[in-house]
Amino acid sequence: MIVNRKTKDQTTGKVAVAFLATLALVSSAFSQTQSPAEANIPQHTQTDDLQKRVDALQKELDEIKRANAVNPAEQHNTTAKASAPAHPVSEEDLSIADDPHAEPFSYADFTWLNGNARTKDTPYATKFFTPEIRSDVNYTYDFRHPQDDTISGSSEVFRAGEVQLTQFGVGGDFHYDNVRARLMTQFGLYSQTTPRNDASPTRGQWNLADAYRYVSEAYGGYHFNVQHGINVDAGIFMSYVGLFSYYQFDNWAYQPSYVSSNTPWFFNGVRVQWFPTAKLKIEPWFTNGWQSYGKFNNRPGIGGQILYRPNGRWSILGNQYALGRDALGVTGRTRYHTDDSVEYKYFDRPGTGITKAAFTLTGDAGCETGGGVSCFGNGKNGPKQSFLGFMLYNRVWFDRDRYAVTVGGGRINNPGRYLVLLPPINGATAASGTPYFTENPGDQFKAWDTSVTADYMPSQYFTYRLEYNHRAANVPYFSGPGGVTPPGGNTGVPGSTVAGWSPDLRNSENRVTLAFLVKF
């Protein structure tokens, strides 16, 4: 039988109030029939004793309510995409944040955020397990009609003219006695395309790409009841570098701009989530590398995230990464990166035709130094190897948040192309490279994009999405009519030259995507 959590909590509260009232009446009647010896006890002492008993009962009631609720401090939603609080808040209540035991970000409803699921409750959640099921199916129409139906330069859209399953994920969050764990699988195209963009498994043995292929998140850890909570987790966890979520259901757009699409979706390592207040999260990382299952060379990477939400309208996020040696086989090259976002809800009137409006602005900057390249310009240490980009999105919700329209886009400049997604020419991967599109020091790459997204959300668990994308680059990069696959299929080792053939790459692309997105 399905029990509505809100109704259950209200019933529990009513029973408790009635019980406390009965206790007070019984105590009052008892005080009128007390013995002469008891009559000498001061009245204020009896009142204090009664108040202590009431406080103790109230404490037990609060514990029962907490046990019946999903504790966000024990969930993945205490990362950058902090979801709805345990008891969903329809209006902002900053007084909750003043409670020394308040759950992080529980004083307002943050389901409007980009990169954050809008679901407000989870069916069948229990004290021990919160299940989660995701499905992402899309059909993409490419105006250039590549003959091999292959789309290049995206970490979200991979095939054209076909109905394709991008991801089907089953998993959830385990939480008991302060111990926590999360698992989310990835069946579908993500199981091929995400490992393909990681070159680290080619270093050493045990085929890490296959070991992790069907896992998008898998970690375990412990929750410490210190201040507003401290989580210590180890495994594969989402990064939220680039603001957007790895899962399209959570985002305002299907195809994010380059500063999100080309930066890490996940890290494999250890993180500590520290909540000194209900409005602030400080999260240091120790990782194997830049979106990698293993190390690229002899040094791991470090980084961290700071997330601050002063109220229900603002979210300020900063991600930093440093010291990683993330160029395969180049032991002396070090990577640095900063990714910073602000989200602001500037309109919120639930009873009107336009119910909400918000925007996001993200800026990224980074570089590599050593191993023949330089952060600060062409010189004796090598050519400049850097990354600079931004993206801006604006979203408007209508008709009780059932409809929404998002307009946005961005731009990047990435000399050295070290964060450019390699086109899958003749089966090329991040490890193999390809002579048809080099990623060498000094190679220039500038790109920009824009998109318009329309969402229909008949349920909090489902989204119909229709999106138009225009993307462009200063060099041929996107799939043209001739495609990126040799006649007869991939030939030779991945990425190798094929005699008498070359890929058809163009400077721009236009496409339309229709997606069916589910999250329970």
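These are my notebook entries on one predicted model.

**Ground rules**

I am working on a predicted model, where local features need pLDDT of at least 70, side-chain atom pairs count only at pLDDT 80 or more, and totals for chains, interfaces and linings use all residues. Residues are numbered from 1 along each chain as its sequence is written, and side-chain values use heavy atoms, with hydrogens and water left out.

**Entry: overall make-up**

I looked up the secondary structure and found six helices and 18 strands in the chain. Helices (H or I, at least four residues) and strands (E, at least two) are DSSP runs, numbered from the N terminus. Next I checked burial. Of the 520 residues in the chain, 52% are buried. Buried means under 20% relative accessible area, exposed over 50%, and partly exposed in between, with a 1.4 Å probe and protein chains only. Then I looked at contacts (heavy atoms within 4.5 Å). Among those with a separation of 6 or more, 68% are between residues 24 or more positions apart.

**Entry: nonpolar cores**

I asked which residues touch the most other members of the largest nonpolar core. The core has 63 residues, and the answer is Phe-110, Trp-112, Trp-397, Ile-412, Phe-437, Phe-445 and Tyr-477. A nonpolar core is a set of buried Ala, Val, Leu, Ile, Met, Phe, Trp, Tyr and Cys residues joined through side-chain atoms within 4.5 Å. Several elements each supply at least two residues of this core, including strand 5 (230-238), helix 6 (258-261), strand 9 (314-324) and strand 14 (446-459). Strand 12 gives the most, with four residues.

I followed Phe-445 further. Leaving aside neighbours within four places in sequence, its contacts include Ile-412, Pro-415, Arg-417, Val-420, Phe-437, Ala-473 and Tyr-477. I also noted a second, separate core of eight residues, which includes Ala-117, Tyr-254, Ala-515 and Leu-517.

**Entry: charges over rings**

I looked for charges over rings (NZ of Lys or CZ of Arg within 6 Å of the ring centre and within 35 degrees of the ring normal). Arg-417 lies over the face of Phe-437, at 4.5 Å from the ring centre. The charged end of Arg-271 sits over the ring of Tyr-219, 4.6 Å from its centre.

**Entry: the disulfide**

I searched the whole structure for disulfides (pairs of cysteine sulfur atoms within 2.5 Å). There is one. It joins Cys-367 to Cys-375, with S to S at 2.0 Å. The torsion about the S-S bond of Cys-367 and Cys-375 is about 70°, so I logged the disulfide as right-handed. Both Cys-367 and Cys-375 are buried.

**Entry: aromatic pairs**

How many aromatic pairs does the structure hold? I have 34. Rings of Phe, Tyr and Trp (its six-membered ring) pair if their centres lie within 6.5 Å; planes under 30 degrees apart count as stacked, over 60 as edge-to-face and the rest as tilted.

I took two pairs in detail. Tyr-344 and Phe-359 are edge-to-face, at 6.1 Å centre to centre with 70° between the planes. Tyr-344 is in strand 10 (residues 334-348) and Phe-359 in strand 11 (residues 354-369), 15 residues apart. Tyr-344 is partly exposed at 21% relative accessibility, and Phe-359 is partly exposed at 25%.

Tyr-403 and Tyr-456 have ring centres 5.0 Å apart and planes at 25°, so this pair is stacked. Tyr-403 lies in strand 13 and Tyr-456 in strand 14, 53 residues apart. Tyr-403 is partly exposed at 37%, and Tyr-456 is partly exposed at 31%.

I also logged one aromatic cluster, formed by Phe-158, Tyr-190, Tyr-246, Tyr-247 and Trp-265.

**Entry: Gln-147**

Is Gln-147 buried or exposed? Gln-147 is exposed, since its relative accessible area is 61%. I placed Gln-147 in the loop between strand 1 (129-142) and strand 2 (163-176). Not counting residues up to four places away in sequence, Gln-147 touches Pro-481, Gly-482 and Gly-483. The C-alpha atoms of Gln-147 and Gly-483 are separated by 5.5 Å, although the two are 336 residues apart along the chain. The side chain of Gln-147 reaches the backbone oxygen of Gly-482 at 3.0 Å.

**Entry: Ser-191**

I found Ser-191 in helix 4 (residues 190-196). Ser-191 is buried, with a relative accessible area of 5%. A polar atom of the Ser-191 side chain lies 2.6 Å from the backbone oxygen of Gly-188. Beyond four places in sequence, Ser-191 touches Gln-186, Arg-213 and Tyr-214.

Terms used:
A polar contact is a pair of N or O atoms within 3.5 Å; within protein, one must be able to donate a hydrogen and the other to accept it, and residues adjacent in sequence count only if both atoms are side-chain atoms.
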